[in-house]
Amino acid sequence: MMKLKTPYYLIDENKLLKNLKRIRRVKEISGAKCVLALKCFATWGVFPLMRKYMDGTTSSSLFEAKLGAEKFGKEVHAYSVAFSDHEMDEIKSISDKIIFNSVPQLERFYPKVKGKNLGLRVNPAFSYSHFDLADPARKYCKLGVRGTNSVRDALHKINGVMFHYNCENDDYGNFSNLLDRLGRDFGDILHKLEWVSLGGGFYFTKDGYPLEKFAHKLRVFSQKFGVQVYLEPGEAAITQTTYFVTRVVDIVKNEVNVAVVDSSVEAHMLDLLIYRQPAKIDRSAGPHTYMIAGKSCLAGDIFGTFKFRKKLAVGDEIRFADAAGYTMVKKNWFNGLAMPSIVVKKIDKTTCKIKSFSYNDFKSNLS
Ligand SMILES: *Cc1c(COP(=O)(O)O)cnc(C)c1O
């Protein structure tokens, strides 16, 4: 591979394919449809590959819905926590399904979108999440309609419901119990609808996950209630597919050895900072320990502390693993740092830089 200027995100299509084939297997067994959650991953350069295995996209905003319609095609699900009045004409024209987050939103826009395939997000008041920040059933949560009565009252206006109540759930037993609970709590409603989306947050593409059991369970659920099941994988579609490649630009010593790389957690892997998680590197073993820090002026801009086989030197490459989900979608221009380019290792193993950024992009981001 030619030497590329760091930093860059490196998406490996063969790794992506591995996830996509697992998604296809779940679809085959369960009859469920899978739409990509663009808020997790929207790097459209690899959509031509993803499109062959997935049924479309789901969105959190007008712009994501537009991107789905324009760059992915197939089914466009438009969801938003709250649509603005001026967005609805465009949403209506590009989407196959519109999913409202509340009854007041449904009522507000119903005269305009009547006749389209409509859904309501329902908050089942239970969830699986390791983080309060992302817990879809947290106290006072704005996400989804709560209580079955208000959903029942809206039934004549909608074709389906969306539940999103999982976050990084890799526990099949827990998935199974919660799905049973959903059936018990909302079964009478589901019987009257065409479709139900179970949202995202299931880590079913992970190595060792009981994929077939998962798919069979979905099939039984779908048949029992007579509904088309949708899944909205974000992370599960792109997990373990992407490296973030940086280079050491300085090494300073302050009790410990700190290697500063040509990137920043805050600018290029922001989610780690928000959730206070260390970055992952492929192999962390050996006698030499370094704290790896970003080069922004934020003191706590730290990727983590790792062990290396050899002493690090300026110019050495440091690769962080699992840098696709909630990473590229959140990159920003903090500190005016050079924006990582986007590189794809294609199915045929050739490498192709699909995007690079310049000073002008930084400048034009504000005015
Ligand atoms: C975030 C989100 C998803 C995707 O979740 P992952 O954890 O990335 O699979 C799907 N649907 C909705 C409504 C979401 O908010």
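Mentor: In this predicted model, a residue is called buried when its relative accessible area is under 20%, with only the protein chains counted.

Trainee: Which residues of helix 1 are buried?

Mentor: An α-helix has 3.6 residues a turn, so residues three or four places apart point the same way. With the cut-off of under 20%, the buried residues of helix 1 are Glu13, Leu16, Leu17, Asn19, Leu20, Ile23, Val26, Lys27, Ile29 and Ser30.

Trainee: How far apart are the end C-alpha atoms of helix 1?

Mentor: Helix 1 runs over residues 13-30, and at 1.5 Å a residue its 18 residues should span 26 Å.

Trainee: Which residue caps the N-terminal end of helix 1?

Mentor: Just after helix 1, Gly31 takes a positive phi of about 80 degrees, but the cap in question belongs to the N-terminal end. There, a side-chain oxygen lies 2.9 Å from the backbone nitrogen of Asn14, and the residue that provides this oxygen is Asp12.

Trainee: What distance separates a polar side-chain atom of Glu232 from a nitrogen atom of the ligand?

Mentor: The ligand is surrounded by 13 residues, and Glu232 is listed among the closest, together with Lys39, Gly201, Glu235 and Tyr326. Polar backbone atoms of Gly201 and Glu235 each lie 2.8 Å from an oxygen atom of the ligand. For the side chain of Glu232 and the ligand nitrogen, the distance is 2.5 Å.

Trainee: How much of the ligand's accessible area does the protein cover?

Mentor: On its own the ligand has 390 Å² of accessible area, and the share of this that the protein covers is 88%.

Terms used
Residues numbered from 1 in each chain as written. Predicted model: local features only at pLDDT ≥ 70, side-chain atom pairs only at ≥ 80, totals over all residues. Heavy atoms only, no water. Near = heavy atom within 4 Å. Polar contact = N/O pair within 3.5 Å; in protein donor to acceptor, adjacent residues only side chain to side chain. Areas by Shrake-Rupley, 256 points an atom, 1.4 Å probe, with all protein chains shown as cover. Helix = DSSP H or I, 4+ residues; strand = E, 2+ residues; numbered from the N terminus. Expected span 1.5 Å × (residues − 1). Buried < 20%, exposed > 50% of the residue type's maximum accessible area, 1.4 Å probe, protein only.
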